[in-house]
Amino acid sequence: MKEKLLSLCLVSFLSGCAGVPTQQEVANADYGVYPSSHESVVKNYYMMTLKDPASAQYQRVSNPQKTWLGNRIDGVTYGYLVCVTLNAKNSFGAYTGYQTDGLLIRNGKVAKYIEDGNWWGRQIC
């Protein structure tokens with residue numbers, strides 16, 4: 001009986017930790033420096049990651065918005081989300097079509113890349 005009670009307490013404790021940050025944690029979090037030159041951060045990031053960066057056609061780069069990604073177990077990253085719609089060539093030299101990605105910028109660098117703007121089933125862009 002004691003083992004079952006201990007297991008139940010442990011499961012309850014761990015499931016509470018896996019949750020999202022509280023409103024107070026979000027309000028008091030350090031998001032880093034506001035990325036006033038976010039467009040150059042975005043273009044530098046894609047310059048380093050695209051197969052053919054010269055082919056990049058930017059349709060939209062949103063203004064940075066404070067956000068967080070993650071959970072208490074894996075860790076939470078705070079920063080500024082920028083949604084980027086672009087088209088670029090793949091390894092075969094063909095354009096892939098416009099897609100919207102999310103970039104979480106923290107202190108002038110891309111901290112997280114969110115392909116297709118989808119973070120664990122949650123559409124953020």
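This is a predicted model: local features need pLDDT of at least 70, side-chain atom pairs count only at pLDDT 80 or more; totals for chains, interfaces and linings use all residues.

Modeller: The protein chain has 125 residues, with 3 helices and 7 strands. From the N terminus on, the order is α-α-α-β-β-β-β-β-β-β.

Colleague: What makes the link of cysteine 83 and cysteine 125 a disulfide?

Modeller: The S to S distance is 2.1 Å. The criterion asks for two cysteine sulfur atoms within 2.5 Å, so the pair of cysteine 83 and cysteine 125 qualifies. A search of the whole structure finds 1 disulfide. Cysteine 83 belongs to strand E3 (residues 75-87), while cysteine 125 is in the segment after strand E7 (122-123). The two are 42 residues apart, and the pair links distant parts of the chain.

Colleague: Which handedness does the link of cysteine 83 and cysteine 125 have?

Modeller: The link is left-handed, with -85 degrees about the S-S bond.

Colleague: Why is cysteine 83 called buried, and why is cysteine 125 called partly exposed?

Modeller: Cysteine 83 has a relative accessible area of 8%, and buried means under 20%, so the label applies to cysteine 83. Cysteine 125 is at 26% relative accessibility. Over the protein chain, 30% of the residues count as buried.

Colleague: Is threonine 85 buried or exposed, and how do you know?

Modeller: Threonine 85, which lies in strand E3, has a relative accessible area of 7%. The limit for buried is under 20%, so threonine 85 is buried.

Colleague: What makes the pairing of threonine 85 and threonine 100 a polar contact?

Modeller: The side chains of threonine 85 and threonine 100 are joined at 2.7 Å. Leaving aside residues up to four places away in sequence, threonine 85 touches Gln57, Tyr58, Gln59, Arg60, Tyr98, Gln99 and Thr100.

Colleague: Why does glutamine 123 count as partly exposed?

Modeller: Glutamine 123, placed in strand E7, is at 49% relative accessibility. Exposed means over 50% and buried under 20%, so glutamine 123 counts as partly exposed.

Colleague: Which backbone oxygen lies 2.9 Å from a polar atom of the side chain of glutamine 123, and which lies 3.3 Å from one?

Modeller: The backbone oxygen of aspartate 116 is at 2.9 Å, and that of glycine 117 is at 3.3 Å. Both values are within 3.5 Å, the polar-contact cut-off. Beyond residues up to four places away in sequence, glutamine 123 touches Asp116, Gly117 and Asn118.

Colleague: How do you know where empty space is left?

Modeller: Rolling a probe the size of a water molecule over the atoms shows it. The largest pocket has a volume of about 240 Å³. Its lining has 15 residues, of which Leu50, Ala88, Lys89, Thr96 and Gln99 are the closest to its centre.

Colleague: Which element gives the most to the lining of the largest pocket?

Modeller: H3 does, with 3 residues. Helix H3 (38-49), E3 and strand E4 (99-106) each supply at least two residues of that lining. By class, the lining comprises 6 nonpolar, 6 polar and 3 charged residues.

Note on methods
Residues are numbered from 1 along each chain as its sequence is written. Side-chain values use heavy atoms; hydrogens and water are left out. Helices (H or I, at least four residues) and strands (E, at least two) are DSSP runs, numbered from the N terminus. Buried means under 20% relative accessible area, exposed over 50%, partly exposed in between (1.4 Å probe, protein chains only). A polar contact is a pair of N or O atoms within 3.5 Å; within protein, one must be able to donate a hydrogen and the other to accept it, and residues adjacent in sequence count only if both atoms are side-chain atoms. Contact means heavy atoms within 4.5 Å. On a 1 Å grid over the protein atoms alone, a cavity is a set of points where a 1.4 Å probe fits but cannot get out, and a pocket is an open set with protein on both sides within 12 Å along at least five of seven lines; lining residues have an atom within 4 Å of a point. Grid points are joined across faces, edges and corners, and a volume is the space filled by probe spheres set on the points. Ala, Val, Leu, Ile, Met, Phe, Trp, Tyr, Cys and Pro count as nonpolar, Asp, Glu, Lys and Arg as charged, and the others, Gly among them, as polar.
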